[in-house]
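This briefing is meant for someone opening this structure for the first time. It begins with a single residue and then widens to its helix, the ligand and the nonpolar cores.

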Amino acid sequence: MDGTPVTVVSVRDVGPETVALDLETPAEFDAAPGQFVLLRAVPGEGAVDDPDDDDVVERHYTLSSPSVADTFEITVGVDPEGDLSPWLADLEGGETVHIDGPFGTITYDGDEDGDVVAIAGGPGVGPAIAIAEAAHDAGHDAVVIYQDDAPAHRERLEALADDDVPVELVAGDDREALTDAIETHLEAGQVYAFGFDAFVTTVAETIEDAGGDADGAHIENFG
Ligand SMILES: Cc1cc2nc3c(=O)[nH]c(=O)nc-3n(C[C@H](O)[C@H](O)[C@H](O)COP(=O)(O)OP(=O)(O)OC[C@H]3O[C@@H](n4cnc5c(N)ncnc54)[C@H](O)[C@@H]3O)c2cc1C
């Protein structure tokens with residue numbers, strides 16, 4: 001699987017240690033918010049000339065734009081010790097990476113799906129905002145609950161809040177505030193949750209503790 005080569009159209013900081021990349025949309029590619037791609041590159045070089053090259057690194061990234069047009073967006077939380085995310089954050093635009101996908105059964109379609117409660121930890125904010133925006137654009141209600149000590153995508157969060165979308169920002173270590181926010185909004189719509197393992201496990205436990213059904217929530221675990 002060597003993927004489709006696509007151009008990185010732009011890279012911008014959207015918060016502390018967080019970047020958003022606009023990627024050229026390949027022909028025949030369509031994806032819904034909630035789905036993810038497999039991005040492959042050789043850090044330091046970019047394009048994957050030889051798929052068997054040991055230097056090829058591949059990681060999954062979830063769409064953070066509410067729709068796919070000529071480009072689509074992913075939001076990358078930068079792990080300074082990581083193999084791929086620091087390299088992605090240093091790109092300037094114009095480079096080539098390879099993507100496969102879309103993958104994943106978690107999707108949001110504004111025509112078919114209704115109100116949403118989008119819960120995010122860390123870089124999970126990308127897909128959470130995308131789903132909240134898609135729901136809002138389709139005339140549905142949305143809530144965003146976002147746990148992070150250094151929130152990203154503040155402009156988009158403020159735009160949602162200005163449109164009366166409740167946005168609950170929770171500090172990274174404040175489990176009580178996260179629990180309160182989830183309990184308060186649990187019944188407000190279909191729950192979607194995105195983030196790394198410890199975060200989404202906490203979210204699932206909290207949903208159960210609050211009398212909800214974690215199996216009915218759409219939870220994407222970043223690993
Ligand atoms: C379905 C899915 C969707 C995802 N969507 C997103 C998204 O939208 N945005 C996003 O930012 N991320 C997302 N991720 C996570 C993403 O794929 C990467 O895991 C993340 O970007 C880190 O990659 P990296 O190459 O920078 O770090 P890695 O090289 O994977 O390293 C991560 C950390 O692990 C440590 N580490 C690595 N190897 C070892 C080892 N052998 N022993 C001990 N420690 C080690 C590193 O030091 C580093 O701190 C998603 C993951 C999945 C599975």
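A residue is called buried when its relative accessible area is under 20%, and exposed when that value is over 50%. By that cut-off Ala-132 is buried, because its relative accessible area is 0%. The model is a predicted one, and the values below are computed from it.

**Ala-132 and its surroundings**
- Ala-132 belongs to helix H2, which covers residues 125-137.
- Leaving out residues up to four places away in sequence, Ala-132 touches Val-116, Ala-142, Val-144 and Leu-160.
- Although Ala-132 and Pro-33 are 99 residues apart in sequence, their C-alpha atoms are 9.6 Å apart in space.

**Helix H2**
- Just after H2, Gly-139 takes a positive phi of about 90°.

**The ligand**
- The ligand is surrounded by 19 residues, of which the closest are Arg-59, His-60, Tyr-61, Asp-79 and Ser-85.
- An N or O atom in the side chain of Tyr-61 is 2.7 Å from an oxygen atom of the ligand, while a polar backbone atom of Thr-75 is 2.8 Å from a nitrogen atom of the ligand.
- An oxygen atom of the ligand also lies 2.9 Å from a backbone N or O atom of Asp-83.
- Taken alone, the ligand exposes 980 Å², and the protein buries 64% of that area.

**The nonpolar cores**
- The largest nonpolar core holds 26 residues, and those with the most contacts inside it are Leu-21, Leu-23, Leu-39, Phe-72 and Leu-88.
- The elements that give two or more residues to this core include strand S1 (4-15), strand S2 (18-24), strand S3 (36-41), helix H1 (85-89) and strand S6 (96-103).
- Once neighbours within four places in sequence are set aside, the residues in contact with Leu-39 include Leu-23, Val-57, Tyr-61, Ile-74, Leu-88 and Ile-99.
- Another core, of 23 residues, lies apart from the largest one, and its members include Ala-20, Ala-142, Ala-152 and Val-165.

Terms used:
Residues are numbered from 1 along each chain as its sequence is written. This is a predicted model: local features need pLDDT of at least 70, side-chain atom pairs count only at pLDDT 80 or more; totals for chains, interfaces and linings use all residues. Side-chain values use heavy atoms; hydrogens and water are left out. Helices (H or I, at least four residues) and strands (E, at least two) are DSSP runs, numbered from the N terminus. Buried means under 20% relative accessible area, exposed over 50%, partly exposed in between (1.4 Å probe, protein chains only). Contact means heavy atoms within 4.5 Å. A residue is near a molecule or strand if one of its heavy atoms lies within 4 Å of it. A polar contact is a pair of N or O atoms within 3.5 Å; within protein, one must be able to donate a hydrogen and the other to accept it, and residues adjacent in sequence count only if both atoms are side-chain atoms. Accessible areas come from the Shrake-Rupley method with a 1.4 Å probe; for residues, only the protein chains shown count as cover. A nonpolar core is a set of buried Ala, Val, Leu, Ile, Met, Phe, Trp, Tyr and Cys residues joined through side-chain atoms within 4.5 Å.
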